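Here are my notes on the aromatic side chains, as a few numbered points. Have a look at the model alongside them.

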Amino acid sequence: MARALVDPRPPIPAPYHTDEREAIQEMARGFAMDKVLPIANRLDPEHGLIPDELRKEMGDLGFFGIMVPERYGGLGLGVFEYALVTEELSRAWMSVASIIARSGMALALNPAQREKYLPLAAKGEWLGCFAMSEPGAGSDIASVRTRATKTDGGWLLNGQKMWCTFADQADCILVVARNKPYDPDKRHSGIRQFAVHKAPGTFPQGVSGNPIRKIGYHGWRTFELSFDDCFVPDDCLVGSERAETAEDEGFKRAAAGMTTPRIHTAARSVGLARGALEDSIAYAQEREQFGRPIGDFQVTRFKIAKMASELEACRALMYQVAANADAGEKSDMYGAMVKYLASEMSERVTSEALQIHGGAGYTTDFPIERYWRDARLTKIFEGTSEIMQRIVSDHLLPPSPLR
């Protein structure tokens with residue numbers, strides 16, 4: 001394909017630029033384009049899984065340990081670097097950019113288990129899976145009905161979970177459950193988190209799973225899980241040991257821990273949109289109609305101008321929110337803003353890219369349709385666009401008390 005005259009990947013802007021960040025970005029960019037993209041183009045159309053060899057290379061490069069403290073073998077970096085790497089990997093394959101988040105689940109474990117598993121997680125040798133959503137509980141965490149019943153030496157989990165990506169290959173499933181019956185007047189009460197450790201490629205006793213037939217996000221499987229008296233030892237209760245007195249600790253943990261995942265999703269959205277933009281610029285210079293490249297026609301040129309402008313605006317906000325998070329300003333409002341804007345932008349940009357590619361874009365011969373399918377998901381996971389708007393509006397315009 002023809003090379004674009006202007007690189008649509010601007011450098012890290014001055015307020016955030018460091019030589020280390022530039023080196024990390026360039027390393028991730030080279031790996032994504034040289035290693036990940038060819039694998040994605042081959043495996044995604046056939047719904048193949050992310051190869052173990054690729055995960056091993058990612059571990060060697062430190063991608064799984066970006067935010068893991070150095071004393072555990074991680075890089076000890078921040079959300080900003082995490083977003084930089086995520087964007088680059090998503091430009092090639094969003095699933096690969098998503099799997100790096102699975103090591104961070106070890107940070108949620110109890111102190112003794114963190115000591116054991118974080119060094120492995122930093123190398124990508126221990127990866128987790130999150131089980132929070134249920135058939136009747138998605139964005140509304142307080143509606144979780146899966147029960148945790150106290151028994152000798154631990155807990156018994158019973159219930160159904162949905163949208164558990166990587167549940168089969170993970171080393172641990174972090175399960176959100178209730179240790180007391182659902183009370184509509186105290187909806188947050190009794191929600192806790194439990195670490196269900198297991199061998200990769202298997203489900204533990206008392207857990208069964210069925211793959212969900214999804215239209216994108218390939219490279220790994222997503223499951224519906226059933227828990228039937230699944231035993232979890234006491235030391236696998238996440239957080240306070242006094243579960244009976246911790247009224248809503250699990251709910252607070254789940255809600256408070258969403259800012260970084262939403263920045264991560266914004267970075268994934270930006271990466272997808274950038275892939276679509278770069279491919280469209282190249283295609284517009286190569287594809288000819290009426291005796292000239294389609295990039296010479298104003299309609300195509302203006303599409304690309306709008307795509308690039310929207311993408312750059314979202315990237316700028318992402319940098320700001322990530323930098324604020326690293327400075328300790330973990331605002332759920334700004335996390336919701338950047339997730340909402342970037343995911344909506346990504347769907348628009350990838351859709352326009354498919355239009356620029358015409359019929360070719362509607363085939364699996366070009367990665368545009370992958371970017372388009374995966375971008376659509378960013379508006380749903382880590383909180384839907386509608387929930388993001390509710391979070392922002394509740395901050396800016398608190399609802400009136402019920403009368």
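1. Phe366 comes out partly exposed, with a relative accessible area of 22% (buried is under 20%, exposed over 50%, partly exposed in between; 1.4 Å probe, protein chains only). Keep in mind that this is a predicted model, where local features need pLDDT of at least 70, side-chain atom pairs count only at pLDDT 80 or more, and totals for chains, interfaces and linings use all residues. Residues are numbered from 1 along each chain as its sequence is written, and side-chain values use heavy atoms, with hydrogens and water left out.

2. The ring-pair count is 12 aromatic pairs (Phe, Tyr and Trp rings, the six-membered one for Trp, with centres within 6.5 Å; planes under 30 degrees apart are stacked, over 60 edge-to-face, the rest tilted). Tyr117 and Trp126 have ring centres 5.5 Å apart and planes at 35 degrees, so that pair is tilted. Tyr117 is buried at 13% relative accessible area, and Trp126 is buried at 3%.

3. Phe366 pairs with Tyr283 edge-to-face, at 5.9 Å centre to centre and 85 degrees between the planes. Tyr283 is buried, at 7% relative accessible area.

4. There's also a cluster worth a look: ring pairs link Phe166, Tyr217, Trp220 and Phe381.

5. Then the charges over rings (NZ of Lys or CZ of Arg within 6 Å of the ring centre and within 35 degrees of the ring normal). Lys150 has its charged end over the ring of Trp155, 5.5 Å from the centre. For Arg292, the charged end sits over the Phe297 ring, 5.1 Å from its centre.
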